[in-house]
Amino acid sequence: MPPLSFYLFFAAVLFCTGLAGALSRRNAIVVLFSLELMFAACHLNLIAFWRYGPQPELYHGQVFTLFSIAVSGAEAAVGLALILRIFRHYRTVQVTEIRELKG
Amino acid sequence: MPDPKIQLVLFLGVFFLTVSAGFYAVSLRNLVHAALFLILTFACLGGVFILLNADFLGAVQLLVYVGAVAVLVLFAVMLTRNVSLPGAVTPAAGTGLAGVVLALVVFTCMAASIFADPLAGTGPAVPVMVRDRVNAHSFEPTTAGFSRALIEGHAVAFQIAGLLLTAALMSAILLAQDFRKKQPGSPADPRTGTH
């Protein structure tokens, strides 16, 4: 097995790719992609800690990951529906164009 | 798969594939290509889960992300095509760079803490006995034990997760529905066209 730090490094690379995308891209759909990437990195971390943890036979890490996958699936569905709604209203998905509440 | 070298090679291959696909998913201008690279990232992550002996969650990852979220994402990309605003695509210079720099700083902190941690690598924090047991039972199926742990220990949370998914999907349908076609008396929106 590769050591735990390899998987944590993997998740860190993936998380920071998502972070850079979420902070620098303007398209709301790409921002949602980046959020999904960050979610995936978190799932990878959870499973890696489950695998290398002291009690893998209790499956706590896997149970937590399953619930996290359910929540991120719900987030993706609602987020994409919101983006569709915003597109219908503003005719754009650029987050810099949607600034009615900006002071 | 008992050979640790094969596992390391598999890990490195799937690492580079996932990271490059994720990079393309957030950096490509073409949204359809970006969505396809995102799907590739998720599929590779399912492989990583299987490599970590979470075979059931690997299948769940493929079903949920490569199956369901992929369709959602592709439909959202297709439905929000906007070819009439070419000027809005180019971002203002400078602010995007700040986000990338911030992400790099965060990554540096994360990597430093990962490799400075005594838990990392083959450090002494993980007991040798545990590592031997994990290695000895490598790639045994986990579905039976996992489902038993889920139903016996977390049955209520499981039901609540189902309720959450139902509520989220219903609200997504409600949000994405176009109510304007059901109101014939309302003034027509000049931006939407008549067809």
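Two residues are in contact if their C-beta atoms, placed from the backbone, lie within 7 Å. This is a predicted model, in which local features need pLDDT of at least 70 and side-chain atom pairs count only at pLDDT 80 or more, while totals for chains, interfaces and linings use all residues. Residues are numbered from 1 along each chain as its sequence is written, and chains are lettered from A and ligands numbered from 1 in the order in which they are written.

**Exercise 1. Contacts of one phenylalanine**

Task: Determine which residues A:Phe33 touches, not counting residues up to four places away in sequence.

Solution. 
Step 1. In chain A, A:Phe33 touches A:Gly21.
Step 2. In chain B, A:Phe33 touches B:Ala25, B:Val26, B:Ala34 and B:Leu38.

**Exercise 2. The contact of the two chains**

Task: State how many residues each chain gives to the contact, and which helices of chain A each supply at least two residues of its side.

Solution. 
Step 1. Chain A gives 65 residues and chain B gives 72 residues.
Step 2. On the side of chain A, the helices that each supply at least two residues are H1 (4-24), H2 (28-52) and H3 (60-90). Helices (H or I, at least four residues) and strands (E, at least two) are DSSP runs, numbered from the N terminus.
Step 3. H3(A) provides the largest share of this side, 20 residues.
Step 4. Sorted by class, the side of chain A that touches chain B holds 45 nonpolar, twelve polar and eight charged residues. Here Ala, Val, Leu, Ile, Met, Phe, Trp, Tyr, Cys and Pro count as nonpolar, Asp, Glu, Lys and Arg as charged, and the others, Gly among them, as polar.

**Exercise 3. Two packed helices**

Task: Describe how H1(A) and helix H1 (residues 4-27) of chain B pack.

Solution. 
Step 1. Two packed helices are described by the angle between their axes and the distance between the axes.
Step 2. For H1(A) and H1(B), the angle is about 10 degrees and the axes are 9 Å apart. Axes are lines fitted to C-alpha atoms, for helices over the stretch in contact, and angles run from 0 to 180 degrees between N-to-C directions.
Step 3. H1(A) and H1(B) are therefore roughly parallel to each other. Angles under 35 degrees count as roughly parallel, over 145 as roughly antiparallel, 65 to 115 as roughly perpendicular and the rest as oblique.
Step 4. Among the residues that meet are A:Phe6, A:Phe10 and A:Val13 in H1(A), and B:Phe11, B:Phe15 and B:Thr18 in H1(B).
Step 5. The residues of this contact comprise ten nonpolar, five polar and no charged.

**Exercise 4. The largest nonpolar core**

Task: Give the number of residues in the largest nonpolar core and name those with the most contacts inside it.

Solution. 
Step 1. A nonpolar core is a set of buried Ala, Val, Leu, Ile, Met, Phe, Trp, Tyr and Cys residues joined through C-beta atoms within 7 Å. A residue is buried if 20 or more other C-beta atoms lie within 10 Å of its own, exposed if 12 or fewer, and partly exposed in between.
Step 2. The largest core has 68 residues, and A:Ala11, A:Ile29, A:Phe33, A:Leu44, A:Ile47, A:Leu80 and B:Leu38 have the most contacts inside it.
Step 3. H1, H2 and H3 of chain A, with H1, H2 (31-51), H3 (55-79) and H7 (155-176) of chain B, each supply at least two residues of this core.
Step 4. H2(A) supplies the largest share of the core, 16 residues.

**Exercise 5. Positive phi in loops**

Task: Locate A:Tyr59 and B:Asn53 and state the phi of each.

Solution. 
Step 1. Most residues other than glycine have a negative phi.
Step 2. A:Tyr59 has a positive phi, near 60 degrees, and is in the loop between H2 and H3 of chain A.
Step 3. B:Asn53 has a positive phi, near 70 degrees, and is in the loop between H2 and H3 of chain B.
Step 4. A:Tyr59 is buried, with 23 other C-beta atoms within 10 Å, and B:Asn53 counts as buried with 21 C-beta neighbours inside 10 Å.
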